[in-house]
Amino acid sequence: MAVSGVTVNEPKQKLWGGELIDLAEAPDECSETSFPEAIALAIVYEDDTLIVLDKQAGLVVHPGSGNRSGTLLNALLYHEPGLEKVPRAGIVHRLDKDTSGLMVVARTLEAQTALVRQMQARSVKRIYQALVRGNVEGGGSVNAPIGRHPTQRTKMSVVNTGKPARTHYRVVERFIDCTLVECALETGRTHQIRVHMTSIGHPLVGDPVYGRGTSRVPGGPAFHRQALHARRLGLVHPASGKPMMWKSNLPEDFAGLVETARLRAIAAEASEIDDEAWDDELAGGPEIIYAAGDNDGEDDDDFEQ
């Protein structure tokens, strides 16, 4: 910004009236430094207006500090060079690096504007599956504002000064020490599901950030990332106006985690049944059988323990 031809760096500089103000759009640092990279993408759907992809865990969505390459944005520029003309290469929303699942990308500025408006109107349907620690008794909603953690600035937290956030969840399957839940976002705050589920005592299995300090909650099976997958995505097509919905299966690592939890639950249930059957057989008292030599009439207590 320049005032009467002089560049201004002081945000609190006072104006007295009559000054000529020149505003120049700040350069998009990411677009200037980003370049196409041949990174494999799992394209679920594609037409002239949008791209729907199934993001793999471990892929950063947008370049940032320490991640100027190897991102989804770099991959999109390689897949469709024309996306360099669209802000953020058409990216409309984000997933955390270690969250997998469905994302939509706009191929035109008009489509991007329409999709952003749908996001703002909360009409885009985003359904996730998460494996959370502990036993979730039933479905419900978390309506709690989310903002920066007051002391740990790299984390988000439920704070009174945060932005409104609402998450709906329901139980899909229960295991011994963890629960598979389905979460529907009404808003799209950073780390929303991870923060909200932690706030009600059920952090995600494998979450290295929000799972700490919750030692009293069962840990569930070991996992190398937060157990979160964007399972379904629904929106109105920006060009045709038709509602569309896509579904994504759990990736191999997440599906294996759920199967491990399921097998552990089955084994525990079988063990419990065996214990109950044994208790029933001994209900009238155990029958004493002497297997070592003849009974010489001595007290049973003489046998070595």
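Helices (H or I, at least four residues) and strands (E, at least two) are DSSP runs, numbered from the N terminus. Strand S3 spans residues 21–22 and contains Ile21. The structure is a predicted model, in which local features need pLDDT of at least 70 and side-chain atom pairs count only at pLDDT 80 or more, while totals for chains, interfaces and linings use all residues. Residues are numbered from 1 along each chain as its sequence is written, and side-chain values use heavy atoms, with hydrogens and water left out.

Ile21 is partly exposed, at 37% relative accessible area (buried means under 20%, exposed over 50%, partly exposed in between; 1.4 Å probe, protein chains only). Together with Met1, Leu15 and Leu23, Ile21 forms a nonpolar surface patch of about 410 Å² accessible area. Patch residues have over 30% relative accessible area and no salt bridge; nonpolar side chains (Val, Leu, Ile, Met, Phe, Trp, Tyr) are joined within 5 Å, like charges within 9 Å.

Helix H4 (residues 192–199) is mostly covered, with six of its eight residues buried. Among them are Ile193, Arg194 and Val195. Just after H4, Gly201 adopts a positive phi of about 90 degrees.

Salt bridges number 12, each a side-chain nitrogen of Lys or Arg within 4 Å of a carboxyl oxygen of Asp or Glu. Arg107 pairs with Glu80, with the closest N and O atoms 2.3 Å apart. Arg107 lies in the loop between S6 (100–106) and H3 (109–120), and Glu80 in the loop between H2 (72–79) and S6, so the pair ties together parts 27 residues apart in sequence. A second salt bridge joins Arg194 and Asp96 (3.0 Å, N to O). Arg194 belongs to H4 and Asp96 to the loop between H2 and S6, so this pair ties together parts 98 residues apart in sequence. Arg194 is buried, at 5% relative accessibility, whereas Asp96 is partly exposed at 22%. In H5 (residues 252–281), Glu259 and Arg262 are three residues apart, about one helical turn. Their side chains meet in a salt bridge (2.8 Å, N to O).

One cavity of 30 Å³ or more was found in the whole structure. A cavity is a set of points, on a 1 Å grid over the protein atoms alone, where a 1.4 Å probe fits but cannot get out; lining residues have an atom within 4 Å of a point. The largest cavity holds about 30 Å³ of space. Its lining includes His93, Arg126, Tyr128 and Arg232. S13 (228–236) and S7 (125–133) each supply at least two lining residues, and the largest share, three residues, comes from S13.

Note on methods:
Areas by Shrake-Rupley, 256 points an atom, 1.4 Å probe, with all protein chains shown as cover. 1 Å grid on protein atoms, 1.4 Å probe; cavity = no way out; pocket = protein on both sides within 12 Å on 5 of 7 lines; lining within 4 Å. Points joined across faces, edges and corners; volume = space filled by probe spheres on them.
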